[in-house]
Amino acid sequence: MWTAAVIALLVAAGLGVRFTLAPRPTPATTQTWVAAGRRVAAKTVAATGSVRLKPASTVRIGSQLSGIVQQLNVTVGAHVNRGDVIAEIDARPVRAKVAQAQAQVARSQALALKADADARRATLLFADGGVSAQHLDDAKSAAALAEASLTASSRDLAAAAVDLNYVAIRAPISGVVASVATQRGETVAAAFATRTFVTIIQPSALEVVAFVDEADIGDVRPGETAEFTVEAWPDRAFAGTVERIAPVATVVSGVVNYEVALRIDGDVSALKPDMTANVTLTTARRTVVTVPAGAVRRTPNGAVVTV
């Protein structure tokens with residue numbers, strides 16, 4: 001069989017017949033027509049920060065009086081309203097001072113009445129020539145001193161009454177008790193330092209503080225929008241707005257960052273202080289023309305799109 005094939009080829013060569021391979025057909029080019037679109041492209045800055053309480057949302061409450069803590073009405077985590085009594089100091093020493101001041105006022109009133117009567121009597125006697133001018137001057141001076149003593153006693157009574165108002169320690173704001181640093185029966189000495197009894201926070205008064213690198217801080221402006229997520233809710237994006245930018249940098253291990261405070265827009269019930277926040281700041285938006293990635297061809301001169 002192989003011999004016959006060789007002979008046939010030799011015969012064909014002798015007859016001048018030429019064999020060539022037919023070229024393969026070129027596959028047809030498939031073209032897909034698409035329309036260019038428009039979309040808004042955003043320039044963003046990524047940063048890391050934390051959820052924090054606003055500066056005015058933490059109140060440390062102490063005692064202005066020295067004494068024994070007679071009653072403690074709150075525990076950590078308790079909700080309190082503004083004006084609620086948090087603790088009470090033993091009121092007996094203060095009430096004793098009030099009673100003493102009241103007694104002094106009564107005594108000063110009696111002395112003032114007597115001195116005034118003496119001065120009026122001396123005036124009448126002086127008119128009749130019964131006493132000397134020196135005696136009249138002494139009587140008037142005694143009346144003035146008695147009136148001044150009555151005024152001082154009244155001021156002391158008012159001060160003691162003010163201290164009586166400090167016996168009950170009340171919540172200045174509504175919020176949640178974050179810490180309690182005393183207990184019933186403990187003695188406090190307010191003369192040396194104002195002891196912090198209770199710390200109250202407003203859990204809804206939250207903000208996010210992001211640390212933005214010095215290379216990106218130039219694009220950040222107050223009023224720009226932002227989004228952030230927390231580890232507890234990684235699939236939920238919280239919205240925010242830039243409120244303020246720290247004028248002084250925070251340098252840690254040679255890395256320069258600026259604190260950017262964000263106002264949290266929307267419900268904050270799922271957030272808690274000190275949660276770690278992954279922040280994306282939107283610093284610019286621009287409307288651009290978009291085409292599918294397959295329409296872009298790479299050439300030595302750059303990427304081109306056929307239109």
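Lys 43 is partly exposed, with a relative accessible area of 44%. Here buried means under 20% relative accessible area, exposed means over 50%, and partly exposed lies in between (1.4 Å probe, protein chains only). The model is predicted: local features need pLDDT of at least 70, side-chain atom pairs count only at pLDDT 80 or more, and totals for chains, interfaces and linings use all residues. Residues are numbered from 1 along each chain as its sequence is written, and side-chain values use heavy atoms, with hydrogens and water left out.

Lys 43 forms a salt bridge with Asp 219. The closest N and O atoms of this pair are 3.2 Å apart. A salt bridge is a side-chain nitrogen of Lys or Arg within 4 Å of a carboxyl oxygen of Asp or Glu. The pair links distant parts of the chain, 176 residues apart. Lys 43 sits in strand S1 (residues 37-53), and Asp 219 in the loop between strand S10 (206-213) and S11. Helices (H or I, at least four residues) and strands (E, at least two) are DSSP runs, numbered from the N terminus. Asp 219 is partly exposed, at 33% relative accessibility.

The whole structure holds eight salt bridges. One of them joins the side chains of Arg 244 and Glu 207 (2.9 Å, N to O). Arg 244 lies in strand S12 and Glu 207 in strand S10, so this bridge ties together parts that are 37 residues apart in sequence. Arg 244 counts as partly exposed, at 39% relative accessibility. Glu 207 counts as buried, at 4%.

Asp 118 is partly exposed, at 27% relative accessibility. Lys 114 is exposed, at 52%. A network of salt bridges links Lys 114, Asp 118 and Arg 121.

Two packed helices are described by the angle between their axes and the distance between the axes. The axes of H2 and helix H3 (residues 133-165) come within 7 Å. They cross at roughly 160 degrees. Axes are lines fitted to C-alpha atoms, for helices over the stretch in contact, and angles run from 0 to 180 degrees between N-to-C directions. H2 and H3 are therefore roughly antiparallel to each other. Angles under 35 degrees count as roughly parallel, over 145 as roughly antiparallel, 65 to 115 as roughly perpendicular and the rest as oblique. The crossing of H2 and H3 is left-handed. That is, the near helix is turned anticlockwise from the far one by less than a right angle; clockwise would be right-handed. The residues of this contact divide into 21 nonpolar, nine polar and eight charged. Ala, Val, Leu, Ile, Met, Phe, Trp, Tyr, Cys and Pro count as nonpolar, Asp, Glu, Lys and Arg as charged, and the others, Gly among them, as polar.

The structure holds one aromatic pair. The rings of Phe 228 and Phe 238 have their centres 5.3 Å apart and their planes at 20 degrees, so the pair is stacked. Rings of Phe, Tyr and Trp (its six-membered ring) pair if their centres lie within 6.5 Å; planes under 30 degrees apart count as stacked, over 60 as edge-to-face and the rest as tilted. Phe 228 lies in strand S11 (residues 225-230) and Phe 238 in strand S12 (residues 233-245), so the pair ties together parts ten residues apart in sequence. Phe 228 is buried, at 1% relative accessibility. Phe 238 is buried as well, with a relative accessible area of 4%.

Most residues other than glycine have a negative phi. Ser 253 has a positive phi of about 55 degrees although it is not a glycine. Ser 253 is found in the loop between strand S13 (250-252) and strand S14 (255-265). At 75% relative accessibility, Ser 253 is exposed. Phi of Asp 274 is also positive, near 75 degrees. Asp 274 lies in the loop between S14 and strand S15 (276-290). Asp 274 is exposed, with a relative accessible area of 64%.
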